[in-house]
Structures are given as C-alpha cells and as structure tokens.
Amino acid sequence: MANQYYKSFEELPVMLTIPQVASVLSISRAGAYELAHSKNFPSMLIGSRIVVPKDRLLAWVDSKVSERV
C-alpha cells in the first residue's frame, strides 16, 4: 500500500487501518502494529482486522501531548 497523506483530520476515514495510522503518525507500519497492541492505545478488532476510530486516535494523541506538558 502506498503512503497516504492527509491534509486535515476531516479527510480521515471514520475507522483507520493500521497502515493508515502509521501514515497519519509518520511512523513505520511495524511501529503502528506494536502501538496497536499496547494497553492504552484505542484499537479494536473487527473480525481479524485491527482498526482505530479516528476520534479516539485524536483523543489519544491529545492525552499523550498533555502528559508531556
């Protein structure tokens, strides 16, 4: 899958795949899978696919930024 670039949060699909999460966060696909399996990351299984709701991803990013302040 080619890297996808999004210009705004509104362009993202409601549910992101792990490769899309990797693209959005500018991390490797392997890093995104590792993140998806971590305890506090907002991923979920639909069948055998791991997906991330975009609103929860934004909330997770906001919480991580708040931790650093």
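Predicted model: local features only at pLDDT ≥ 70, side-chain atom pairs only at ≥ 80, totals over all residues.

Let me start with a question: does V24 count as buried, partly exposed or exposed, and what is its relative accessibility? V24 counts as partly exposed, because its relative accessibility is 32%, where buried means under 20% relative accessible area, exposed means over 50%, and partly exposed is in between, with a 1.4 Å probe and protein chains only. V24 has its place in helix α1, and, leaving aside its neighbours within four places in sequence, it is in contact with Y6, L12, L16 and L57; here contact means heavy atoms within 4.5 Å. The C-alpha atoms of V24 and L35, which are 11 residues apart along the chain, are separated by 13 Å.

Residues are numbered from 1 along each chain as its sequence is written, and side-chain values use heavy atoms, with hydrogens and water left out.

Now to the overall picture. The protein has three helices and three strands, and from the N terminus on these elements run β-α-α-β-β-α; helices (H or I, at least four residues) and strands (E, at least two) are DSSP runs, numbered from the N terminus. Along its principal axes, the C-alpha trace spans about 35 × 30 × 20 Å. With 69 residues, a compact globule would have a radius of gyration near 11 Å, and the protein, at 12 Å, agrees with that; this radius is taken over C-alpha atoms, and the globule rule is 2.2 Å times the number of residues to the power 0.38. Buried residues make up 29% of the 69 residues, and among contacts between residues at least 6 apart in sequence, 40% join residues at least 24 apart.

Let us turn to the inside. In soluble globular proteins, nonpolar side chains tend to be buried together. Here the largest nonpolar core has 13 residues, of which I18, F41, V52 and L57 touch the most other members; such a core is a set of buried Ala, Val, Leu, Ile, Met, Phe, Trp, Tyr and Cys residues joined through side-chain atoms within 4.5 Å. The elements that give two or more residues to this core are α1 (18-25), α2 (29-36), β3 (49-53) and α3 (54-68). If you find F41 on the screen, you can follow its contacts to V21, L35, A36, V52, L57 and W60, not counting residues up to four places away in sequence.

After α1 comes S26, which is placed in the loop between α1 and α2. The phi of S26 is near 55°, a positive value in a residue other than glycine, and S26 counts as exposed, because its relative accessibility is 66%.

What about the strands and the segment before them? T17 is found in strand β1 (residues 15-17), where it is buried, with a relative accessible area of 16%, and it touches R49 and I50, not counting residues up to four places away in sequence. V14, in the segment before β1, counts as exposed at 63% relative accessibility, and yet, leaving aside its neighbours within four places in sequence, it is in contact with V52, P53 and K54. The C-alpha atoms of V14 and K54 are separated by 5.5 Å, although the two residues are 40 apart along the chain. Strand β2 (residues 44-46) holds I46, which is partly exposed at 45% relative accessibility and is in contact with M15 and V51, again leaving aside neighbours within four places in sequence.

D62 is partly exposed, with a relative accessible area of 44%, and its C-alpha atom is separated by 25 Å from that of R49, which is 13 residues apart from it along the chain.
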